[in-house]
Amino acid sequence: MKGFVYLPDVVTLELDQEACIGCGICPAVCPHRIFEMRDSKAFIRNRDECMECGACALNCPVRAIRVDAGVGCASGMINTWLAGFNIRLRNDDSCC
Amino acid sequence: MSYIVPPGLYAIGEPEHDSPVVVTANYKMSYDLVRRTMAGRDVWLLVLETYGINVWCAAGKGTFGTGELVRRIETTGLSRIVSHRRVILPVMGASGVKVIDVKQRAGFEVLFATLRIDDLPEYLDNGMSATREMRELTFSLSERLVLAPVEIIGGMKSFPLAGLPLALLAAFSSGSFSINRFAVALILYLIAVLSGTLLTPLLLPLLPGRMFAVKGAVTGCACSLACAVILGRSPAVGPVDLAAVILMMTVVSSFYAMNYTGSTPFTSPSGVRREMQLALPAMAVTGGIAIILLAARAVFL
Ligand code: SF4
Ligand code: SF4
């Protein structure tokens, strides 16, 4: 996304180009235009800009894409982590 | 006030059997926004049960998902109401909806339209094709500002847990309580929260560092230095006080800036996890030093 890049080399996105059948759905569902079609194969343009939403992997008909999807939210993670110790700060998350 | 709209099929204008079907969540703000942008047109609006949560968050949780879409298409009898077999979804819903499954189970084709509801009329006028801009996420100043109130209120919730005890501790100097010190400490805490929840999001693309915690530390440190200059004029304020103020405000601002990752549309969970692993220990150490300084000042300095 223009002007915004998060940490480099952390995202779990993987594309198996061998398996790709070139259906073209991953470029259509990705909100960050991570994919591009080249010679009827999907191609990752800018891996670091992926936010791991999982839309591409969910919709790929041949499971050529793998990503550990979730919502990147520190307070959500802190709450989950505290809940592991049976501590509950607030029951409504500020984000999702 | 209720933020929930009953799920089901709604008519905007006077839609016919060939009018487009737009799908949204039953979060009142999304629903109202779609109605407003679609005013003057004839479209069907299919509202899914997401328990009052917006499309993006509901898609992540799976409530704005394949199952609910298929169920809602069936219970509303959509296939008898419209003659075509297409439903239009916001791109942000794609992480919950599997296109081929909807096609197989409900017989409807899913079209992912635009990211922003505002672009929907143009998309429809273009014969349901999206331009590149409509599909590219942005995070403009106004988009960041809209989120600020939620962040600030979220930040204030920690007040009894962190702000109040800190201010109580800071109110003591050499064993005696001062209401002035207490009041000033409360105000400084509020400034630090605003630095993390408002100033950092505002300046987001301009601030150095990729980690939000670093960005928040920069604004927090700047705010605290400005406060320290003003406070330093008072003879009652010592160097230990100033050091504690600078450290603590930087930590508080940094923490809230890190929380802001939950509101941005470009932070991956793996990245947030990495950031937390690095930033939380640094915050704990810095905050700990500030508390030791305050405690020392409270008792004997
Ligand atoms: S996980 Fe989301 S952001 Fe990442 S490539 Fe897939 S669709 Fe794009
Ligand atoms: S969705 Fe899968 S098969 Fe289709 S283009 Fe993308 S990687 Fe290839």
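What covers the buried residues of helix 3 of chain A? I will come to that after some conventions. This is a predicted model, in which local features need pLDDT of at least 70 and side-chain atom pairs count only at pLDDT 80 or more, while totals for chains, interfaces and linings use all residues. Residues are numbered from 1 along each chain as its sequence is written, chains are lettered from A and ligands numbered from 1 in the order in which they are written, and side-chain values use heavy atoms, with hydrogens and water left out.

Chain A, then. Chain A has three helices and four strands; helices (H or I, at least four residues) and strands (E, at least two) are DSSP runs, numbered from the N terminus. Read from the N terminus, the order is β-α-β-β-α-β-α. Chain A has 96 residues, of which 44% count as buried. Buried is under 20% relative accessible area, exposed is over 50%, and partly exposed is in between, with a 1.4 Å probe and protein chains only. Among the contacts in chain A with a separation of 6 or more, 48% come from residues 24 or more positions apart; contact means heavy atoms within 4.5 Å.

Now the opening question. Helix 3 of chain A spans residues 74-84, and its buried residues are A:Ala74, A:Ser75, A:Gly76, A:Met77, A:Ile78, A:Asn79 and A:Leu82. The cover over them includes helix 11 and helix 12 of chain B.

Take helix 12. Its axis and that of helix 3 of chain A come within 10 Å and cross at roughly 70°. Axes here are lines fitted to C-alpha atoms, for helices over the stretch in contact, and angles run from 0 to 180 degrees between N-to-C directions. Helix 3 of chain A and helix 12 of chain B are therefore roughly perpendicular, on a scale where under 35 degrees is roughly parallel, over 145 roughly antiparallel, 65 to 115 roughly perpendicular and the rest oblique. This crossing of helix 3 of chain A and helix 12 of chain B is right-handed; a crossing is right-handed if the near helix is turned clockwise from the far one by less than a right angle, and left-handed if anticlockwise. On the chain A side the contact uses A:Ala74, A:Met77 and A:Ile78, and on the chain B side B:Pro269, B:Val272, B:Arg273 and B:Met276. Nonpolar covers Ala, Val, Leu, Ile, Met, Phe, Trp, Tyr, Cys and Pro, charged covers Asp, Glu, Lys and Arg, and the others, Gly among them, are polar.

The next pair lies within chain B. Helix 8 (residues 159-171) and helix 9 (residues 179-203) of chain B pack at about 140°, with axes 8 Å apart. That angle makes helix 8 of chain B oblique to helix 9 of chain B. The crossing of these two helices of chain B is right-handed. The tally for the contact of helix 8 with helix 9 is 13 nonpolar, one polar and one charged.

Some loop residues of chain B next. B:Asn26 sits in the loop between strand 2 (21-25) and helix 1 (28-37). Is B:Asn26 buried or exposed? Its relative accessible area is 0%, so B:Asn26 is buried. Its side chain has a polar atom 3.0 Å from the backbone nitrogen of B:Thr50 and reaches the backbone nitrogen of B:Gly52, also at 3.0 Å. For such polar contacts the pair is N or O atoms within 3.5 Å; within protein, one must be able to donate a hydrogen and the other to accept it, and residues adjacent in sequence count only if both atoms are side-chain atoms. Not counting residues up to four places away in sequence, B:Asn26 touches B:Tyr3, B:Ile4 and B:Val47, among others.

B:Thr264 is in the loop between helix 11 (239-259) and helix 12 (269-299) of chain B. At 6% relative accessibility, B:Thr264 counts as buried. The side chain of B:Thr264 reaches the backbone oxygen of B:Thr261 at 3.0 Å. Beyond four places in sequence, B:Thr264 is in contact with B:Phe139 and B:Phe212.

Last, two backbone items. B:Met128, in the loop between helix 6 and helix 7 of chain B, has a positive phi of about 60° although it is not a glycine. B:Ser174, in the loop between strand 6 (172-173) and strand 7 (176-177) of chain B, has a positive phi of about 45° and is not a glycine either. B:Met128 is partly exposed at 25%, and B:Ser174 is partly exposed at 43%.
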